[in-house]
Amino acid sequence: MITTTVQRRRELQVFLQRFRERLGISQKVMAERLHLSPRGYWNLEQGRVRNPSIEVLDELSAILKLGARERWTLYMLAAHHEPPPLRGASLEDASAFAELLAVQQCPAVVVDPAWKVVAANGSYRSLPLASAGRDSFMRQVLLTPQVRDTLLANWDDAWAAPMLGELRTACEVQPDADWPKYLMRAIARDERLRWVWRRMDAHLLQDPAVPRPFRHPVWGPQVTVVETVPRYPTGHKIVSFVPLGSRRTSPSTTDRQ
């Protein structure tokens, strides 16, 4: 863990220094433009600021003239999470989804609060999961036998239980919504899902970013995890299929919609 932290700080330092020097900007000038003290910017560049604000990172990105991929790298190194859409682009705007997925090297999909697939990159669309023919990611995972029985390792515990927990929460906090009720009716007709539901802890809390095993057609079984990351006040999520041991801070390819 210490090695990872030190390495990440070093990568951030090299990353920012390289872009500063390319534009001929000193640390002192960067501090002035960001309205920080010289010591404050030095701490930022050294990776010693734990939670730099979106405003600071986006202003830094603008000053250094970073593209979408470099901005993504900056956020991953400095804040340890992916960037929000650029200001002026809402999540209802298709260009915002394209921006989010463009820097994803691995298969990735955006789902709305009802788990409806609203955007996907080419790598995701090539997966058998995507060809199951359902527009609801949750429905694909829970109710498509050819997906849950062949692609999703440890389906009962790693996939079904967490998603049923989220579905139960949706039923409680969105009593007027139709999508949870529709899924619950389908689940009631599925014997295996009823069994998973009955054995769930009544107070089950799931980490939405827990790794979930997935059998990738190229990478093979047990070498891929799936990470579900909640994003933004709108409740949209990015689901990324990430090979074990990959370094997400250095995407080498771009997969646009």
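The largest nonpolar core of this predicted model has 36 residues, and those with the most contacts inside it are Phe137, Leu142, Trp155, Trp159 and Phe241. A nonpolar core here is a set of buried Ala, Val, Leu, Ile, Met, Phe, Trp, Tyr and Cys residues joined through side-chain atoms within 4.5 Å. Buried means under 20% relative accessible area, exposed means over 50%, and partly exposed lies in between, with a 1.4 Å probe and protein chains only. At least two residues of this core are supplied by each of strand E1 (108-111), helix H8 (137-143), H10, helix H11 (178-188), H12 and strand E5 (237-243). H10 gives the largest share, 9 residues. Helices (H or I, at least four residues) and strands (E, at least two) are DSSP runs, numbered from the N terminus.

Some ground rules apply to what follows. The model is predicted, local features need pLDDT of at least 70, side-chain atom pairs count only at pLDDT 80 or more, and totals for chains, interfaces and linings use all residues. Residues are numbered from 1 along each chain as its sequence is written, and side-chain values use heavy atoms, with hydrogens and water left out.

Leaving aside residues up to four places away in sequence, Leu142 touches Arg148, Trp155, Ala160, Met163, Leu164, Ile187 and Leu193, where contact means heavy atoms within 4.5 Å. Apart from this core lies another, of 21 residues, including Leu34, Leu44, Val56 and Leu66. In soluble globular proteins, nonpolar side chains tend to be buried together.

Next comes the packing of two helices. Two packed helices are described by the angle between their axes and the distance between the axes. The axes of H10 (residues 155-173) and H12 (residues 191-198) come within 10 Å and cross at roughly 75°. Axes are lines fitted to C-alpha atoms, for helices over the stretch in contact, and angles run from 0 to 180 degrees between N-to-C directions. H10 and H12 are therefore roughly perpendicular to each other; angles of 65 to 115 degrees count as roughly perpendicular, under 35 as roughly parallel, over 145 as roughly antiparallel and the rest as oblique. On the H10 side the contact is made by Trp155, Asp156, Ala160, Ala161, Leu164 and Arg168, and on the H12 side by Arg192, Leu193, Trp195, Val196 and Trp197. Sorted by class, this contact of H10 with H12 has 8 nonpolar, no polar and 3 charged residues. In that sorting Ala, Val, Leu, Ile, Met, Phe, Trp, Tyr, Cys and Pro count as nonpolar, Asp, Glu, Lys and Arg as charged, and the others, Gly among them, as polar.

Arg168, in helix H10, is buried, with a relative accessible area of 17%. Its C-alpha atom is separated by 8.8 Å from that of Met184, 16 residues apart along the chain.

Aromatic rings form a further set of links. The whole structure contains 4 aromatic pairs; rings of Phe, Tyr and Trp (its six-membered ring) pair if their centres lie within 6.5 Å, and planes under 30 degrees apart count as stacked, over 60 as edge-to-face and the rest as tilted. Trp115 and Phe137 form a stacked pair, 6.0 Å centre to centre with 20° between the planes. This pair links distant parts of the chain, with Trp115 in the loop between E1 and strand E2 (117-120) and Phe137 in helix H8, 22 residues apart. Both Trp115 and Phe137 are buried, Trp115 with a relative accessible area of 1%. Phi of Trp115 is near 65°, a positive value in a residue other than glycine.

The rings of Phe214 and Phe241 have centres 4.8 Å apart and planes at 80°, so this pair is edge-to-face. Phe214 sits in the loop between strand E3 (212-213) and strand E4 (224-230), and Phe241 in strand E5, 27 residues apart. Both Phe214 and Phe241 are buried. Ring pairs link Tyr124, Phe214 and Phe241 into a cluster.

Elsewhere, helix H5 (residues 68-78) has 8 of its 11 residues buried, so it is largely enclosed by the rest of the structure. The buried residues are Arg71, Trp72, Thr73, Leu74, Tyr75, Met76, Leu77 and Ala78. H5 is followed by His80, whose phi is positive, near 65°. Lys65 is in the loop between helix H4 (54-63) and H5. Lys65 is not a glycine, yet has a positive phi of about 55°; it is exposed, with a relative accessible area of 63%.

Over the whole chain, the secondary structure comes to 12 helices and 5 strands. Buried residues make up 47% of the 257 residues.
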